[in-house]
Every structure is written in C-alpha cells, then in structure tokens.
Amino acid sequence: MIKERLRQAISGIAYTRIENRGKLPLFERFLLPILGLGSLVYRFLLFTRCKLYEWNVVSSVRLPVPVLSVGNITWGGNGKTPMVEYLARCILHADMCPLILTRHWRVIRDIEILMVNAVTLFGNGELIPYGPLREPLDALYRADIVVIHNASLVTDQQVELIMHRLKLLLSPDTPVVCSQMVPHFFLRVSSIPLNLKEIISDWLPEQLVELEAIKDATVLCISGIGCPECFFLTIKQDLVKVQRKVNDLHGKRSRTFVVLTEKDYARSWEIFVGLHGVDVLVLHSTLEVMKNSGGLNTFNALISKKLLCWDPLVK
C-alpha cells in the first residue's frame, strides 16, 4: 500500500500546475524537492546518452527493412499499443508482414510517429520523476508525424489549443493528426478458456457481447494499464472489496457487469476468472485515425511516401 500511495503522489504532482503546488497534501509537498533532484539526475543521464550517440560511442543499426517507430515523450497511456496494432493491420492489408519490436532497440528509424494524450498532454512539463516527461519537449522536433490521441474525449476548442501549442514545438512541415479509440463489442470472460493468457482475434459468437448489453445496468470499470504491476497487487488485495461491492450492487438493477480493457485482462487474467456472481466483460476497441481536417489521408499518405522512398543505404 505504501508503493501505491507513493505512485499516486508522484502522479498527482506530475499533473499539478506550478501555481497549484501549494494546495497539494503535505506528503506530496514533502516529495517535491526529492523528485526535483531526481529530475536533475535524469536530465544529466539523458544529456550523457545524447552525447554518446553524437560522439559515436554508441551507434544505431540500419535494418534491411523500413522501421516505423511509435513513441511518446510522457509516461504511459498515450496510445502506443493500439497505434502499433493499427499499423500492423494496415501493413497486413498491403500484403506485407510486420515485425513488432516491443523493446527499445538501437535501430535507425525511418518514420517516427509520436503519440500525445489529449487528456493529460504534458502534465506539469517537468522530466520524470518530478513530471511525466521522458524527454524534454524539444524532442518533439524530430517527429515525422504527431498523433493527438483520445482527441474525441476533449472539446474541439481544446484540440485546437493543443495543435497550436504543438506547432510551436514541431518542425514547420510536421503534420499533426487526431486519433480515438472506437469500441466494438465485449468479450465475456466466463467463456474464455482458463489457460488463455493472450487476447486473440478469432472469437466464437457465443463469446461476444454487444455494447448495448450494459444499457441500464450497473457497471464497475477497472483499469490499471498505466501501472500493471501495481494494478495486479491492488486488485489482488482488494478482490474481497470488489466482490462485496458487486454483491451490494447486484439486484438493484437488472444486470451487473465488471468491465476492463484487453490489456488489463491479458496481464492479469487469473484474477478476473475468479470473480463470481457477475459478468466480467473485456472491452474490445481499436484505434481510428480521425478523418476531420483530412487527418486520415495525411497520415496514410505520409506513411506510404516514406515507405516508397525508403533506401537501405541511407542512414
């Protein structure tokens, strides 16, 4: 519980404006100088890493295939995983085979796609652990394309303000597009084989639940994809509380559901198959590049152009 409290405190600080830091709880204010020192150390490490590349002490490798990099400059929740899935589907549709690298490899990137969360943006603008930034904001300049993810969860005016701010940080010709998550259906956990640890694409009809099924029902949403380890431990400790909450809610309405994401289920499936007296549903959704302002055409055209012009001899 101490780790979880610390995680919540750091997250709260990261998304608190400078002028509001005086309103933070005592524990958070106690952490401010410690986190500030940590950010200075982190900044020095970033500087050293950049210099190692600049001096060719560390070098990148050119792969014999085009490399599309999907990244972000803040910690989790920016839509990297669904964007990779989206790109993989596009590549497969073009009769090519994508190879997905899930770790940070020192390879030369041909296309750098940078994801930005429209809801949280850059937080307090500080480097971790004082803020959510993995890199300074000037790292945006190297992006080939920037995607404002979860754009449908904020107002059009907020999206315009985000775009204006990004344009000040980006190369003049860097396109900015928007994306959103589109829900399709639920998967009923009780019908998924217990030995299945990964979400698969080919589901049987009896496993699928329409989105309308939760209408007028009591829905308990659980999500911890920003920190899966903490989520696993927290849910494991609080499973009795969740079960009690479900029992209290059950009967007040016609149905009761617990809803979670595919990523949560894939990482912590053992927990949810043991939850009784309620339907546990996994929401299946996919990323969609929004068509407003020609975003979809811009995105696809840039990817196609970069791939067509790819030269394995260019570094």
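Set aside the neighbours within four places in sequence, and S285 is in contact with M181, V182, P183, H184 and E262, where contact means heavy atoms within 4.5 Å. S285 sits in strand β8, residues 279–289. With a relative accessible area of 14%, S285 is buried; buried means under 20% relative accessible area, exposed over 50% and partly exposed in between, using a 1.4 Å probe and protein chains only.

A quick word on what you're looking at. This is a predicted model, so local features need pLDDT of at least 70 and side-chain atom pairs count only at pLDDT 80 or more, while totals for chains, interfaces and linings use all residues. Residues are numbered from 1 along each chain as its sequence is written, and side-chain values use heavy atoms, with hydrogens and water left out.

Now the overall picture. The protein chain has seven helices and eight strands, taken as DSSP runs (helices are H or I with at least four residues, strands are E with at least two) and numbered from the N terminus. Of its 315 residues, 39% count as buried. Among contacts with a separation of 6 or more, 75% are between residues 24 or more positions apart.

Back in strand β8, there's also V280. Leaving out neighbours within four places in sequence, V280 is in contact with L187, R188, V189, V258, L260, F272 and L275. V189 turns up again with W269, a residue of helix α6 (residues 262–272): W269 and V189 are 80 residues apart in sequence but 8.8 Å apart in space, C-alpha to C-alpha.

| Residue | Relative accessibility | Class |
|---|---|---|
| V280 | 5% | buried |
| W269 | 11% | buried |
| L121 | 15% | buried |
| N56 | 61% | exposed |

On to the helices. The axes of α1 (residues 2–14) and α2 (residues 26–54) come within 10 Å and cross at roughly 75°. Axes here are lines fitted to C-alpha atoms, for helices over the stretch in contact, with angles running from 0 to 180 degrees between N-to-C directions. That makes α1 and α2 roughly perpendicular to each other (angles of 65 to 115 degrees get that label, under 35 is roughly parallel, over 145 roughly antiparallel and the rest oblique). R5, L6, A9, I10 and I13 of α1 meet F27, E28, L31, L32 and L35 of α2. Eight of these contact residues are nonpolar, none polar and two charged; Ala, Val, Leu, Ile, Met, Phe, Trp, Tyr, Cys and Pro count as nonpolar, Asp, Glu, Lys and Arg as charged, and the others, Gly among them, as polar.

Most residues other than glycine have a negative phi, and most peptide bonds are trans. N56, in the loop between α2 and β1 (68–71), has a positive phi of about 60° although it is not a glycine. L121 has a positive phi too, near 50°, and is found in the loop between β2 and β3. P129 lies in the loop between β2 (111–117) and β3 (145–149), and the peptide bond from I128 to P129 is cis, with omega near 5°.
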